[in-house]
Every structure is written in structure tokens, then in C-alpha cells.
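Reader: Before we look at any single feature, could you show me how to read a model of this kind, giving the general idea each time and then the case at hand?

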Amino acid sequence: MNTMLRKSVLGIAGLAVAGGLAAGPLNHHEVAPSAGLSEAAVVQADKPDAGKLIPHGVQGAQSRIDLSDEQVANAKAIIAATKKAGLPERAAVISIATSLQESKLENL
């Protein structure tokens, strides 16, 4: 019974995320690249620095994990969804950390 409830909750959460990715934000507007700069240059300037991503500094030992191609694709989808929604970079970090904890970045 417990696994059935868990699968139901995860299925509903997956549908909610997929719906959010498909619908996107309600106000659709595009930002044109700056004059004289290529689109790639604008994306590069958008990358956050360590001060924004880790506002309180790093504490303790750091670890590293190797991700599969599916996990990397799911992380990229999360980043794209947070950018499309106009959320700050830290929202993407929190979203990826949550997904990594809850489903190991796998599409269940």
C-alpha cells in the first residue's frame, strides 16, 4: 500500500512538472540580444558567479558524483524551466538539489 501511494504521489508530481514545462510562464516575452553581441555571448554573460550561488561560503568537505546522460539532460531541463519562469539562479540550484535528493535526477 505504501509503494502504491508513493508511486501515485510521484506520478502527480511528474505531471505537474511536465505541465509547468509545457505551459511556461503566462507572460511570454523575449529579450533581444545586445547590439553587436552574438547570442552565445549574451548567454555567457548570464552565468552567475560563486557569490550568488553560494552566498554564505563553502563549509565542510565537498563531494563529486558522475551523472549519466539522462541525468544531465534532466538537469538541463530544470535549468531551462527556471530561466523560462524568470527565477533567479539560486532557484535552479535548489531545484536540481531537490531533484537529486528525491529521484537522483531520474525521470520516474
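Author: We begin with secondary structure, where helices (H or I, at least four residues) and strands (E, at least two) are DSSP runs, numbered from the N terminus. Read along the sequence, the protein chain here follows the pattern α-α-α-α-α, that is, five helices and zero strands. This is a predicted model, in which local features need pLDDT of at least 70 and side-chain atom pairs count only at pLDDT 80 or more, while totals for chains, interfaces and linings use all residues. Residues are numbered from 1 along each chain as its sequence is written, and side-chain values use heavy atoms, with hydrogens and water left out.

Reader: What span should the 16 residues of helix α4 have, and how far apart are its end C-alpha atoms?

Author: The expected span of a helix is 1.5 Å times one less than its number of residues. For α4 (residues 69–84) this gives 22 Å, and the end C-alpha atoms are 22 Å apart, which agrees. After α4 comes G86, whose phi is positive, near 75 degrees.

Reader: Which residues of α4 are buried?

Author: Buried means under 20% relative accessible area, exposed over 50%, and partly exposed in between (1.4 Å probe, protein chains only). In α4 the buried residues are Q71, A75, I78 and T82. They cover an arc of only 55 degrees around the axis, taken from the directions from the helix axis to the C-beta atoms, and so they lie on the same side of α4. The face turned away from that buried side carries the exposed residues D69, K76 and K83. Among what covers the buried residues of α4 is α5 (89–103). Over the protein chain as a whole, 9% of the 108 residues count as buried.

Reader: How many salt bridges does a search of the whole structure find?

Author: Side chains of opposite charge can pair when their charged atoms come close. A salt bridge is defined as a side-chain nitrogen of Lys or Arg within 4 Å of a carboxyl oxygen of Asp or Glu, and the search of the whole structure finds one. This salt bridge is formed by R64 with D66, whose closest N and O atoms are 3.8 Å apart. R64 is exposed, with a relative accessible area of 74%, and D66 is exposed as well, at 69%.

Reader: How should I read the contacts in the protein chain?

Author: Contact means heavy atoms within 4.5 Å. Of the contacts in the protein chain with a separation of 6 or more, 67% are accounted for by residues 24 or more positions apart.
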